Amino acid sequence: MSVSSAARKVAEQGAVGFQNLVGGRWQPASDGRTLDMVSPSDGEAFATIARGTKQDVDAAVKAARQALDEGAWGKLTAVERGRLMMKLGEAILAHHEELAQLEARDCGKPMKQARADITAAARYFEFYGAAADKVHGETIPFLDGYMVTILREPKGVTGHIIPWNYPAQMFGRSLAPALAMGNAVVMKPAEDACVAPMRMAQLAQDVGFPPGALNVVTGLGEEAGAALASHPGISFMSFTGSPEVGTLVQKAAAENHIGCTLELGGKSPQIVFEDADFDAVVPVVVNAIVQNGGQTCSAGSRVLVQKSIHDRFVTAVKARFSLLRVGSHAMDLDCGPLISANQKKRVLGFIEQAKKDGVPVLAEAQVADGTPAGGFYVAPVLFGPVPRDNALACEEVFGPVLSIIPFEDEADAIKLANSTDYGLVAGIWTRDGGRQMRVAKKMHCGQVFVNGYGAGGGIELPFGGVKKSGHGREKGMEALHEFSQTKTIVFKHG
Ligand code: NAD
């Protein structure tokens, strides 16, 4: 087994080392290799995970199949599955602070954000646990002498590839609806951050999930991730991450003739009309870009402002932006570091290019004194007016960079909002009820907030995108349909 020096240091410090969960057993990667988990707050390794292989993925998929066909999982009733899931929700809440500390250290996110994320993770298991026995089949009126029943069945073994920005929440968001519908799941979390999900998988074991119901193989995307996406034993894939990898996952799904949901990020607009409630808008637009360091698929990264209020609005946002403070997860300020040195380089690349392009900087926040050296910090930047064809107006930065773009009137705002390749979420700020409806209906995206904005929020609310943001719906009762399929049974009774 090859263990790196950082991993040895981790072991000496008594820090955590996580193995794969396959068929109810914790086991190292088939070749014994591990990966270091680095905290973005200080750049120090603090845990190890298994560098899962194709063989590990194969074993996990087979264990999941067995759990469905021969094991206890496939025999549980919907209410029994729901009870187990509710117990997991309770266990997550019972370990709330421990999980929040792990999540914060792993992702660098401020503690208050990590705590909210753990509450949300528990809520996914509560919501879908309670829903497990409430998705019913149907009977259909057919020809005389017939009875037709529609069963709603699990898809089978579902594969889940999740990103690093909200690992704890994604564990719940991706797995809970699949488990509620009776699928057996295999998850490949992100190599950049996945420690809290691993701890939650341990809790799932503790509360009694049968062997093989919930399997986790950690490792690199191009190794374990690619092996999972292309495995012929997978019946459905759920992927959240970059559009590039989403394309690979969809191609692999096509080869295996299965479906997939893709959630690939966005360039979400918030449209501020001249009659908007100014005091309500300003804190929300600022928070919607600094939450999680802007590394949120539904971050409100474009603020479209009606020209008649542009200057007054900019003054108010600038004032708030300049007060933002960046620091480590433990300092618990407005914004933490970005996930990795790579992500920092990528985001700084956008900022430098925009400056070279002559886009005016309206405000820059500060990294607070006492922030640990070695962390991946980027202070939030407010740009504006951003030309409509500049990269900052069109591309997903995935960092704390906010673009202000002026518009003329309602028609111009709609055109501008829909002008990017993405379509995930939109925000509309106006007191005019007719305009709220008109503009909401015209948005090319999966979710619209009126006089509010909830980046990432709402377990009960169907969520997902159009265009380059992906397809399929997660969250809410919609997700239960994605993870199940109908079977039509036709009885001829004469
Ligand atoms: P990514 O798409 O590479 O990683 C997401 C997940 O996919 C991880 O678990 C990773 O291990 C896995 N993966 C990577 N390559 C794979 C492959 N060939 N086959 C199967 N799985 C694979 O994302 P990233 O590189 O971590 O981030 C890059 C950009 O993606 C970000 O800057 C951001 O724009 C976007 N992103 C979006 C979201 C979102 O919530 N929509 C989340 C993370 C990243």
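**View 1. An open sheet of 3 strands in the predicted model.** The strand order is β6-β7-β25, and the pairing is antiparallel. Strands (E, at least two residues) and helices (H or I, at least four residues) are DSSP runs, numbered from the N terminus. Two strands pair if DSSP finds at least two bridges between them. β6 (138–140) and β25 (484–492) are the edge strands, each pairing on one side only. On average, neighbouring strands of this sheet are turned by 25 degrees against each other, direction ignored. The axes behind that angle are lines fitted to C-alpha atoms; angles run from 0 to 180 degrees between N-to-C directions. The model is predicted: local features need pLDDT of at least 70, side-chain atom pairs count only at pLDDT 80 or more, and totals for chains, interfaces and linings use all residues. Residues are numbered from 1 along each chain as its sequence is written, and side-chain values use heavy atoms, with hydrogens and water left out.

**View 2. The pairing of β6 with β7.** Strand β7 covers residues 146–154. β6 and β7 pair in the antiparallel sense over 3 bridges. Glutamate 138 stands opposite isoleucine 150 in β7.

**View 3. The shell around the ligand.**

View 4. A polar side-chain atom of glutamate 191 lies 2.5 Å from a ligand oxygen atom. For serine 242, a side-chain N or O atom is 2.6 Å from an oxygen atom of the ligand. Glutamate 263 places a polar side-chain atom 3.4 Å from a ligand nitrogen atom. Taken alone, the ligand exposes 810 Å², of which the protein buries 87%. Areas come from the Shrake-Rupley method with a 1.4 Å probe.

**View 5. A salt bridge between glutamate 97 and arginine 115.** The N to O distance is 2.9 Å. The pair links distant parts of the chain, 18 residues apart: glutamate 97 sits in helix α4 (residues 96–107), arginine 115 in helix α5 (residues 111–131). The whole structure has 19 salt bridges (Lys or Arg side-chain nitrogen within 4 Å of an Asp or Glu carboxyl oxygen).

Technical notes:
A polar contact is a pair of N or O atoms within 3.5 Å; within protein, one must be able to donate a hydrogen and the other to accept it, and residues adjacent in sequence count only if both atoms are side-chain atoms.
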